[in-house]
Amino acid sequence: MQRLASSRRLLQAALVQGRANSSLSAAAAAAAVPTPENAFAAAPKMPPFDYTPPPYDGPRAEEIFRKRTEFLSPSLFHFYDRPLNIVDGKMQYLFDEDGRRYLDAFGGIATVCCGHCHPDVVDAIVNQAKRIQHSTVLYLNHAIADFAEALSSKMPGDLKVVFFTNSGTEANELALMIARLYTGCHDIISLRNGYHGNAAGTMGATAQCNWKFNVVQTGVHHALNPDPYRGAFGSDGEKYARDVQEIIDFGTTGRVGGFISEAIQGVGGIVELAPGYLPAVYNMVRKAGGLCIADEVQAGVARTGSHFWGFESHGVIPDIVTMAKGIGNGIPIGAVVTTPEIAQVLTRRSYFNTFGGNPVSTAGGHAVLKVLEKEKLQENAFVIGSYLKERLNKLKEKHDIIGDVRGKGFLLGVELVTDRQKKTPAKVEIGHVMNHMKDMGVLVGKGGFYGNVFRVTPPLCFTKEDSDFLIDVMDIALSKL
């Protein structure tokens, strides 16, 4: 109770201080009321957008935070000195309780791909919910079958059997189990700095202490991360791959169940794997009898622009692909896709998921694929994402605190360091920049092991004008340090 009271006091103080900073008095505020777009008059002008949210008359941020502190898990955390109360969203924009508009360059953690409340996706969800929300996969329903067919058409090779789950964690848990069952081997290899979920098996595969609890996690070996920026071998993927072979030779029986990795590490700070790494490792793992699992929870579903799936840019075809986030545009849905042969292992016992393949979720997911195709959002992610990355690199030339710019399409990372030579993480400074950017109307995420990397993962409908606005705001915010 003491900690709860303390948390309330801290929030109230922050909110009061924030209001005091933005308007020292009612008279001053009346003389210079900030526009709904920006908190500061000096902020760049936000691109025009033809949407005004309906008035919000619900609880304010203070009340919501009080309830959250009292009734929700104490493990929840929030961005910003004054947490935002987001009440509305449309395409690449979000709106707070006062109707202020924000450019969403985070996309609900690389989840919103078509745009917030895209009308086609909303219609598909509503129409399905009006007809039937849930039955069970023990009965037939066209929504799950139609979505599975559409999803498999996006996969290369013989990847055509789909298992639906409710999240990326569930999808990765299932994939690891399938690999172990199919091969008869328990040993799994994953990458240091990778993130694959927070359940027992996926926490074992995750290799950052920030996300691991002291519970039993067995049978996972963590290989050297092929990180071109911080890694020992720079961009030489084949040198990093040797560590995987050494794990197989010296850490296992010589046989493994599988290898799991992201094509671009999301939670780990938008780290691209060194070129040549995945082809070399896939070959090693398969020679040791293992299956190769591509975790596409963040890099998949057109986000990287150049390809629909992140692994495709490495010239490999996995045995199992997992996905979530973008396939639902915010709907809780995940999936595992594998070959008909590998899929047979789940017939040895009864495998069942009550909500996996729910009609509402799969109808929404199918609509997402249709929107991506109709509006050419993969092409947009490639063209505008490349432009945005180019502008971020120019910003790097101006600000020494930017140590690295990386990623593809709309999965971009900007790493802040206080010393470029030592690559010292700018852990405090990034918080200041985020707060300034938020006050000027731009929301970005942060991640990486040290929490010093901007995660720029907007909806795929992001425009060139949005990109220019983001750059201008980030430039001003960095200049305030």
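**Asp88 lies opposite Phe95 of strand S2, in a predicted model.** The model is predicted, local features being reported at pLDDT of at least 70 and side-chain atom pairs at pLDDT 80 or more, while totals for chains, interfaces and linings use all residues. Residues are numbered from 1 along each chain as its sequence is written, and side-chain values rest on heavy atoms, with hydrogens and water left out. S1 and S2 pair in the antiparallel sense through 4 bridges, where pairing requires that DSSP find at least two bridges between two strands. Strands are DSSP runs of E with at least two residues, helices are runs of H or I with at least four, and both are numbered from the N terminus. The hairpin of S1 and S2 has 2 residues between its strands, and Met91 there adopts a positive phi near 55°.

**Strand S2 continues through a second hairpin into strand S3.** S2 (residues 93–96) and S3 (residues 101–104) run antiparallel and are joined by 3 bridges, with Leu94 having Tyr102 of S3 as its bridge partner. In this hairpin, which has 4 residues between the strands, Gly99 takes a positive phi near 85°. In a regular strand the side chains alternate between the two faces of the sheet. In S2, Tyr93 and Phe95 point one way, Leu94 and Asp96 point the other way, and all are buried, that is, under 20% relative accessible area with a 1.4 Å probe and protein chains only, against over 50% for exposed and values in between for partly exposed.

**An open sheet of 7 strands, with mixed pairing, has the order S4-S12-S11-S10-S7-S5-S6.** S11 (residues 320–323) and S12 (residues 334–338) pair in the antiparallel sense over 4 bridges, and Thr322 has Val336 in S12 as its bridge partner.

**Helices H9 and H10 lie across strands S5 and S6.** Helix H9 (residues 237–251) runs at about 145° to S6. Helix H10 (residues 277–287) also lies across S7 (258–262) and S10 (291–295), and runs at about 160° to S7.

**Helices H13 (residues 377–398) and H15 (residues 464–479) cross at roughly 20°, their axes coming within 10 Å.** That angle makes H13 roughly parallel to H15, a class that covers angles under 35 degrees, whereas over 145 counts as roughly antiparallel, 65 to 115 as roughly perpendicular and the rest as oblique. The crossing of H13 and H15 is right-handed, meaning that the near helix is turned clockwise from the far one by less than a right angle. Residues of H13 including Ile384, Tyr387, Leu388 and Arg391 meet residues of H15 including Lys464, Ile471, Met474 and Leu478, contact being heavy atoms within 4.5 Å.

**Asp475 is placed in helix H15.** With 18% relative accessibility, Asp475 counts as buried. Leaving aside residues up to four places away in sequence, Asp475 touches Leu395, Lys398 and His399.

Terms used:
Axes fitted to C-alpha atoms, helices over the stretch in contact; angles between N-to-C directions.
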